[in-house]
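Visitor: Please show me the model, and let us then examine the grounds on which its features are named.

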Amino acid sequence: MNLELLAGNAALKKQLSAQAAGRGLSHAYLISGPAGSGKKTLARLMAAAMVCTGQGEKPCGTCPACKKALGNIHPDIITVAGEKGKDISVGQARALRADAYIRPNEADRKVYLILDAQTMNSNAQNAVLKLLEEGPPYAVFLLLTDNPGALLPTIRSRCEGLSLAPVSPGEAQDFLLRRFPDKSANLLRSEAFACEGILGTAVKRLEETGQEADPVPDAALDLLALMAKRDELGLCARCVALEKLDRDSLSRLFEALLSLLRDTLKLQAGGTVDPLPAQVKAAAKVLPGAALVRCVSLLTDLSLHADFNVGPGHLCGALSAALAQALEL
Ligand SMILES: [Zn+2]
């Protein structure tokens, strides 16, 4: 079985692969583990494997059934979850039971993913229990939970247990590098450690930061504006605020500021800069060329140091000092 997309959990992968190659997958699994440990990833891969029409290891990832399954649009893979963050109702459990007796549309099997299965009350669980005991042979039930103890013992005993374990920092890093190829390796490394084995936490955080605007271009323009005002305190405060950036971002910031300084010099020399930021225009008016050249030279030195293993706090302090020195503040 191809479970490459799930990080870590080597023993569990081995167990499932052996089962898939041998007697085949069961009709009911209880997938447990803390929030963010990969329960949904595993369930989706298992569901895809069960509808896959490709040859060799499943899910093949390329057949039409796999594409639909991994795109969450396969008609024979049904997700059951409480509506708007609520519990799964008895009505939903009964609807599931009725649906299970309708034969699959396309695949040989019909797979139900029951998310947060522990939110079913005992009536809802009993409705599902009947299916686990005597459901149609093509139906498969994947119950996901972060609290298996909240499920009836009768439900638990009818399911094969798959318990997801936290992953090691190395496994987390490998996974994040594949999942976020555009993000800096430094950022991914620190997230891999910070998530403490719960990959979902890291993925969520990285997806959220991905939606934020890149702070680097604005920071470079801010610094140039403060330089034009010869605002020593302002520069110092802005540099301190930059300490939260990782070293890759700081390195890009140095490059961005250098590029703005070169544009300022170019403008002073009568050249054209297009587009022309207001901050460059203002700096070209007030900052002496000699000071700009000193800034370029000091920043170039600093950006060379940024490639070595120097902490962000130290780099920001050095940046603040370099700019004040160049401007003779
Ligand atoms: Zn396939």
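Guide: The model contains an open sheet of five strands in the order β2-β3-β4-β1-β5, with parallel pairing. β2 (77-80) and β5 (160-163) stand at the edges with a single partner strand each, so one side of each has no neighbour in the sheet. From one strand to the next the twist averages 20°. This is a predicted model, in which local features need pLDDT of at least 70 and side-chain atom pairs count only at pLDDT 80 or more, while totals for chains, interfaces and linings use all residues. Residues are numbered from 1 along each chain as its sequence is written, and side-chain values use heavy atoms, with hydrogens and water left out.

Visitor: Why is Gln-19 called buried?

Guide: Buried means under 20% relative accessible area, exposed means over 50%, and partly exposed lies in between (1.4 Å probe, protein chains only). Gln-19 has a relative accessible area of 7%, and is therefore buried. Gln-19 lies in helix α1. Leaving aside residues up to four places away in sequence, Gln-19 touches Gly-24, Leu-25, Ser-26, Tyr-29 and Glu-160, where contact means heavy atoms within 4.5 Å.

Visitor: How do you know that Cys-52, Cys-60, Cys-63 and Cys-66 are donors of the zinc ion?

Guide: Donors are N, O and S atoms within 2.8 Å of the metal (3.2 Å for Na, K and Ca); water is not among the atoms, so sites may look incomplete. The SG atoms of these four cysteines lie 2.3 Å from the zinc ion, and therefore qualify. Along the chain the donors follow the spacing C-x7-C-x2-C-x2-C.

Visitor: Why is the site of the zinc ion called tetrahedral?

Guide: Four donors count as tetrahedral if all angles lie between 85 and 135 degrees. The angles among the four donor atoms are 106 to 116°, so the site is tetrahedral.

Visitor: What span is expected of helix α15?

Guide: The expected span is 1.5 Å times one less than the number of residues. Helix α15 (residues 312-327) has 16 residues and reaches 23 Å from its first C-alpha to its last, close to the 22 Å expected. Glu-328 follows α15, with a positive phi near 55°.

Key:
Two strands pair if DSSP finds at least two bridges between them. Helices (H or I, at least four residues) and strands (E, at least two) are DSSP runs, numbered from the N terminus. Axes are lines fitted to C-alpha atoms, for helices over the stretch in contact, and angles run from 0 to 180 degrees between N-to-C directions. Four donors count as tetrahedral if all angles lie between 85 and 135 degrees; four count as square planar and six as octahedral if opposite donors are over 155 degrees apart and all others between 65 and 115; anything else is irregular.
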